[in-house]
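Take a look at the structure below and follow the explanation one step at a time.

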Amino acid sequence: MLDLSLLVCTKNSSKSIISCLKSSLPILKEKAELILVDGRSQDNTIELVKDFLKRNDIVNFKIINQSKSGLYEAFNLAIEKATRTKLFFLHSDD
């Protein structure tokens with residue numbers, strides 16, 4: 001198990017979120033923790049994420065719905081929810 005939390009913040013990222021997660025798949029397969037904060041997406045971002053995690057047998061994740069708007073608020077929320085000592089920030093369109 002990697003002592004790493006991957007922090008991803010997203011909002012209406014259905015066009016890019018799967019590429020983002022695919023780029024992280026090797027560390028997710030090593031049981032890094034995924035903390036995904038969604039800023040109330042109006043598209044199918046969350047459904048795509050859930051399907052990807054299920055298809056790839058990723059079990060160490062939290063999906064959090066953000067109540068306050070803003071990217072920095074989202075990253076602060078992700079930091080609060082992370083349980084590992086090392087944090088890796090990744091934007092949903094990276």
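In this predicted model, a search of the whole structure turns up two salt bridges.

One of them joins Lys62 to Glu33, with 3.8 Å between the closest N and O atoms. This pair links distant parts of the chain: Lys62 belongs to strand β3 (residues 61–65) and Glu33 to strand β2 (residues 33–38), and the two are 29 residues apart. Their surroundings can be read from the accessible area. Lys62 has a relative accessible area of 31%, so it is partly exposed. Glu33 has a relative accessibility of 5% and therefore counts as buried, because buried means under 20%.

The side chains of Asp51 and Arg55 also meet in a salt bridge, at 2.3 Å from N to O. Here both residues sit in helix α2, four residues apart, which is about one turn of the helix. Asp51, at 37% relative accessible area, is partly exposed. Arg55 reaches 51% and is therefore exposed, since the cut-off for exposed is over 50%.

Helix α2 (residues 45–55) also has a neighbour to consider. Its axis and that of helix α1 (residues 17–29) come within 10 Å and cross at roughly 30 degrees. That angle makes α1 roughly parallel to α2, because angles under 35 degrees count as roughly parallel. The crossing of α1 past α2 is right-handed.

Finally, consider the surface. Which residues form a nonpolar patch there? They are Ile79, Leu87 and Phe89, which together have about 240 Å² of accessible area. Leu87 lies in strand β4 (residues 86–91). With 35% relative accessibility, Leu87 counts as partly exposed.

Terms used:
Residues are numbered from 1 along each chain as its sequence is written. This is a predicted model: local features need pLDDT of at least 70, side-chain atom pairs count only at pLDDT 80 or more; totals for chains, interfaces and linings use all residues. Side-chain values use heavy atoms; hydrogens and water are left out. Patches are made of residues with over 30% relative accessible area and no salt bridge: like charges are joined within 9 Å, nonpolar side chains (Val, Leu, Ile, Met, Phe, Trp, Tyr) within 5 Å. Accessible areas come from the Shrake-Rupley method with a 1.4 Å probe; for residues, only the protein chains shown count as cover. A salt bridge is a side-chain nitrogen of Lys or Arg within 4 Å of a carboxyl oxygen of Asp or Glu. Buried means under 20% relative accessible area, exposed over 50%, partly exposed in between (1.4 Å probe, protein chains only). Axes are lines fitted to C-alpha atoms, for helices over the stretch in contact, and angles run from 0 to 180 degrees between N-to-C directions. Angles under 35 degrees count as roughly parallel, over 145 as roughly antiparallel, 65 to 115 as roughly perpendicular and the rest as oblique. A crossing is left-handed if the near helix is turned anticlockwise from the far one by less than a right angle, and right-handed if clockwise.
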